[in-house]
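Reader: Can you walk me through this one? Pockets to begin with, then salt bridges.
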Amino acid sequence: MALVHKLLHSTYILRKCSKPTAALYPFLGIRFADYSTSLQKPVASPGKASSQRKTDGGLQGDHQKEVALDITSVEEKPEVSFDKAIRDEVIDHFWRLKDEIVDHWIGPEGRPLHEVLLEQAKVVWQFRGKEDLDKWQVTSDKTIGGRSEVFLKMGKNNQSALLYGTLSSEVPQDGESRQSGYCAMISRIRRGAFERKMPYDWTQFNTLYLRVRGDGRPWMVNIKQDTDFVQRKNQLYSYFMFTRGGPYWQEVKIPFSKFFFSNRGRILDVQNQIMVDKIASIGFTLADKVDGPFFLEIDFIGVFTDPAHTEEFAYENSPELSPRLFQ
């Protein structure tokens, strides 16, 4: 009898106790809230019922967010497959090789042969975006310990390339270098599928054509032929380019017959005519030993045929210096 009385008394106290509010749920815990609602579910008005559903939905949403946060916080290592990367690279090169074969079947560089034969001028390099700058590289005497600096960026309105920097002829104190002070801009070697070299063929043209704007400094224009001989990697065909300075553009025309043969910056006694059917790259070098800032702005670099120029080679050779040429 005492046990029944105690049970009825506890039930009466539980009914008199107030129900915990939704604001206390975060402190009491979601399980306690569900347990309390399961003990007593009084009939409420439609407004209260909707607000209670919103509160319960918000709590469940917060709980789901916490669970999702715990799931996404697990560090997952990305799968790296070298076999797949190599396979994709090989497939890409085969697609490029297919395009090259199709273009060669159509004609030189994918154009009909009659268009190429009638062409009198051609723009080889122009600067209209970042992808055009990626075809070039810059270097200076910093590679041997010098202090010259050179940079390359797009010009105003992305219509030209601006080569600028500071030239310093201070010789590095390394005990080996005797002279210093040069900056250069060199075009990258054009490559096809499977990294094959693709030299330029300028056989039908006889003049190099540039549109530049400089600060009055003299530059050296260097052309490098495509060769696989290690002994010829430093051999270049060079000629001078004098900039006027000022805000006006100038058009520079240099016949191929004017380029002289040099090795490591020294003019050789035996001169050979440049073979324009295998041109690997072209570059611009500043080494006038005048310390200070410089700039050279380039619009485009091209080639064209000058009918008034009939000279084949501007330099002479003697039998004493090059007997093989006179045999």
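Author: A term to begin with: Ala, Val, Leu, Ile, Met, Phe, Trp, Tyr, Cys and Pro count as nonpolar, Asp, Glu, Lys and Arg as charged, and the others, Gly among them, as polar. The model is predicted, so local features need pLDDT of at least 70, side-chain atom pairs count only at pLDDT 80 or more, and totals for chains, interfaces and linings use all residues. Residues are numbered from 1 along each chain as its sequence is written, and side-chain values use heavy atoms, with hydrogens and water left out.

Reader: What is the volume of the second largest pocket?
Author: About 650 Å³. A pocket is an open set of points on a 1 Å grid over the protein atoms alone, where a 1.4 Å probe fits, with protein on both sides within 12 Å along at least five of seven lines; lining residues have an atom within 4 Å of a point. Volume is the space filled by probe spheres set on the points, which are joined across faces, edges and corners.

Reader: Which residues are closest to its centre?
Author: His-104, Pro-108, Glu-109, Arg-190 and Met-198, out of 24 lining residues. Helix H5 (82-106) and helix H6 (113-117) each give two or more. Helices (H or I, at least four residues) and strands (E, at least two) are DSSP runs, numbered from the N terminus.

Reader: How does that lining divide into nonpolar, polar and charged?
Author: 8 nonpolar, 5 polar and 11 charged.

Reader: And the largest pocket?
Author: That one holds about 1600 Å³. Its lining has 17 nonpolar, 15 polar and 8 charged residues. Tyr-182, Leu-236, Arg-264, Gly-265 and Thr-285 lie nearest the centre.

Reader: Switching topic. How many salt bridges does the structure hold?
Author: 13. Each is a side-chain nitrogen of Lys or Arg within 4 Å of a carboxyl oxygen of Asp or Glu. Lys-84 and Asp-88 form one, at 3.1 Å, N to O. They sit 4 residues apart in helix H5, so about one helical turn separates them.

Reader: What about Asp-299 and Arg-211?
Author: Their side chains meet at 2.8 Å, N to O. Asp-299 is in strand E13 (residues 292-304) and Arg-211 in strand E6 (residues 207-214), so the pair ties together parts 88 residues apart in sequence.

Reader: Is Asp-299 buried or exposed?
Author: Buried, at 8% relative accessible area. Arg-211 is partly exposed, at 25%. Buried means under 20%, exposed over 50%, partly exposed in between (1.4 Å probe, protein chains only).
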